[in-house]
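Colleague: I would like to learn how to read a model of this kind, one feature after another. Could you take me through it slowly, with the general idea before each case?

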Amino acid sequence: MLTILFDGVAYGMLLFILAVGLCVTLGLMNFVNLAHGAFAMAGGYLTVIMMNRMGISFWWCLPAAFIFSALLGAFLERTLYRRLYDKSHLDQVLFSIGLIFMSMAAVDYFMGATQQIVNLPPYLTGRIEIFGAQVGVYRLFVIAVCGVLAIGLQFIIARTRFGSQLRASVDDGRVARGLGIDVTRIFSLTFAVGSGLAGLGGALGASILSMDPFFPLKYMIYFLIVIAVGGATTITGPFFASLLLGIADVGGKYFVPVIGGFIIYTIMVAVLIFRPEGLFTRGKRR
Amino acid sequence: MSVVDKDAAAPAAASASPAAPAAKQSPSWRLLLDAKWRWYEFAFWLCAAASFWVFPRKLMLLSEIFILGLLALSIDLVLGFAGLVTLGQGAFFGIGAYAAGLMAQAGMGAAPLSDPLLGLLVAGLVAGLVGFATSFLVLRGSDLTRLMVTLGVALIVEELIVKFKDITGGSDGLQGVLSSPVLGLWSFDLFGYTAFWYSLTVTFVIFLFCRRLIHSNYGLSLLAIKGNPLRARTIGMPVNARLVSIYTIAAAIAGVSGGLLTQTTQFASPDMAAFHRSADALLILIFGGAGYLYGGLLGAVAFRVMQDFLGNITPQYWLFYVGLVLVLLVLFVRGGIIGLMMAMRDKISPRDDKDAGGRQ
């Protein structure tokens, strides 16, 4: 029982790291980037390549995945995404679906359609006992890393100068620009960091989530649920939403496998109908 | 093409008309003029029928093109004409597919219950009912909420189809769905002769219905709602009722197209309600040009031809090129194939009464 809860928390934390970048682009920049999972996939596959083909230590893979995805995100933001900021949501959706298709085919081409397996270093595998529950070491590690990241993000957004500039740009881009804030640069940076976090999440999750070419499509819906339930205007909302989703998904698959995915989709639709702004928002509308 | 009509129907563009001074025309007169059949429309349907003799070996592919076109047309009604974004039309397609499949199985391939037309009717009705029930969900919220709600509904439908194994056969789907002969005369054959004419006829009839719908006061009001829901409401249009009704109609049409696919391929699978089905159909519409009656049909032709062509070159990776085309379309081309054709026509022979061709 505790083990399931624990696995759920680890899974939820992972989802949070994966989805938080999308929360930023969607909630803060009002851009529907369904291709967010592609950045996570990039990070995940980079880890696979570095570890399995080049034999580089897992510890180097994590920052490398972050940097690689962030650079990829920054590049695409500069070249493609920026052109679409002021277009309709439909255009953005179509564009990002196109990107998903391209990334899926590209990964299939270079890496094959089979699921990739990551061989973790031995000291991260195995299980230990905490409070009488069997707990995977790696999951503990994931929770620790994601927890630190979540706190760090919250700190950056709430306390630092960059955070307040970001919030200002989002609340009212024109006024922020008038006050001398370089909104374009802030958005680029935020987009890059969001993509980088997705890549890091992909690297961390490469051994827990299944890493195959269908990754962006498969997890797209999870990201959307996180944002639908958590709202996209804060960091804490998506955080609790991911935890909830992680626990519900793992628990649901364990206890009632028959209805499995059904529950979370229903929850998503229900939340969207009754609280279109998300469960954890304060009802503030922009 | 139909866009000329629609745009001219908007008050701002109503000034232009070859025949008489605009001021004297009553709205209904305009509608009549707009609804006139153009030569290229005849040409299109003649080509569609002629393809039977031109590609006798590809009849199944051709009927699939009609079916996809019909599905895209149903999205066009919602997206292109009423301006509602949806990612979940596959749900109704799947529901229709299974409704028709189950009907045919219940009748064991014999006359009353397995009659294909009855099957289509039931498919349309069931899908329409579900569409009506879920239409209230899309009335609320922003585009983004709509996208997610429609996607969520489609996912739920797919999940239900997979889980109710006893009825739907789970992930194996319904296999060997036999329908009785169409009108008791033509039975479905291996080469797809019946499937071709059956799909073409059904598609054509439904197209006529949509055409009539768009060229009516009702269609005009949809355009007004798309243009500006708030203003439409203030001049007394029942905005929500209109949206509910068009969403229901589109769902029913998607259901009929799903039923058609089941009957012609004698097979139904959960895949028919899957996300990529909705995405493909949306893509087809964008290929062809959303907001034009022929957008879905032309898009389906282009899409399947491209799929066939690329599938021969790179069977596994043709998805890449689909994505590429989609990205390029969004970035550079407005209005898909028809949009391109309109732009070319305007370049070749600039007309002073041409209206804003680059509408979405």
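This is a predicted model: local features need pLDDT of at least 70, side-chain atom pairs count only at pLDDT 80 or more; totals for chains, interfaces and linings use all residues.

Colleague: Is A:Gly173 buried, partly exposed or exposed?

Modeller: The idea is to count neighbours, and a residue is called buried if 20 or more other C-beta atoms lie within 10 Å of its own, and exposed if 12 or fewer do. A:Gly173 has 18 other C-beta atoms within 10 Å and is therefore partly exposed.

Colleague: What are the corresponding figures for helices and strands, and for burial, in chain B?

Modeller: Chain B has 17 helices and two strands, and buried residues make up 51% of its 360 residues. Among the contacts in chain B with a separation of 6 or more, residues 24 or more positions apart account for 78%.

Colleague: How should I read the length and the burial of one helix, for instance α5 of chain B?

Modeller: For length, one sets the distance between the end C-alpha atoms beside the span expected at 1.5 Å a residue; helix α5 (residues 89-106) of chain B, with 18 residues, reaches 26 Å, close to the expected 26 Å. For burial, 16 of the 18 residues of α5(B) are buried, so this helix is largely enclosed by the rest of the structure.

Colleague: What does the length check give for helix α16 of chain B, and what covers its buried residues?

Modeller: The 15 residues of helix α16 (residues 318-332) of chain B should span 21 Å, and the end C-alpha atoms are 21 Å apart, which agrees. The buried residues in α16(B) include B:Leu319, B:Phe320, B:Gly323, B:Leu326 and B:Val330. Their cover includes α4 of chain A, together with α14 (275-288) and α17 (336-348) of chain B.

Colleague: How are two packed helices described?

Modeller: They are described by the angle between their axes and the distance between those axes. Within chain B, helix α10 (residues 193-214) and α13(B) have axes that come within 10 Å and cross at roughly 175°. That makes α10(B) roughly antiparallel to α13(B). Residues of α10(B) such as B:Tyr198 and B:Val202 take part in this contact, as do B:Ile253 and B:Leu260 of α13(B). The residues of this contact divide into seven nonpolar, two polar and no charged.

Colleague: At what angle do α11 and α13 of chain B pack?

Modeller: Helix α11 (residues 217-227) of chain B packs against helix α13 (residues 239-265) of chain B at an angle of about 110°, with the axes 10 Å apart. That makes α11(B) roughly perpendicular to α13(B). The crossing is left-handed. On the α11(B) side the residues are B:Ser221, B:Leu222 and B:Ile225, and they meet B:Val239, B:Arg242, B:Leu243 and B:Ile246 in α13(B). By class, these residues are five nonpolar, one polar and one charged.

Colleague: How many residues does each chain bring to the contact between the chains?

Modeller: Chain A brings 34 residues and chain B brings 30. On the side of chain A, α4 (89-111), α9 (215-230) and α11 (260-274) each supply at least two residues, and the largest share, 17 residues, comes from α4(A). That side of chain A has 27 nonpolar, four polar and three charged residues.

Colleague: How do α4(A) and α16(B) lie against each other across that contact?

Modeller: Their axes come within 7 Å and cross at roughly 155°, and α4(A) and α16(B) are therefore roughly antiparallel to each other. The crossing of α4(A) and α16(B) is left-handed. Among the residues that meet are A:Leu94, A:Phe95 and A:Phe101 in α4(A), and B:Phe320, B:Leu324 and B:Val327 in α16(B). By class, this contact has 17 nonpolar, two polar and one charged residues.

Terms used:
Residues are numbered from 1 along each chain as its sequence is written. Chains are lettered from A and ligands numbered from 1 in the order in which they are written. Axes are lines fitted to C-alpha atoms, for helices over the stretch in contact, and angles run from 0 to 180 degrees between N-to-C directions. Helices (H or I, at least four residues) and strands (E, at least two) are DSSP runs, numbered from the N terminus. Angles under 35 degrees count as roughly parallel, over 145 as roughly antiparallel, 65 to 115 as roughly perpendicular and the rest as oblique. A crossing is left-handed if the near helix is turned anticlockwise from the far one by less than a right angle, and right-handed if clockwise. Two residues are in contact if their C-beta atoms, placed from the backbone, lie within 7 Å. Ala, Val, Leu, Ile, Met, Phe, Trp, Tyr, Cys and Pro count as nonpolar, Asp, Glu, Lys and Arg as charged, and the others, Gly among them, as polar. The expected span of a helix is 1.5 Å times one less than its number of residues.
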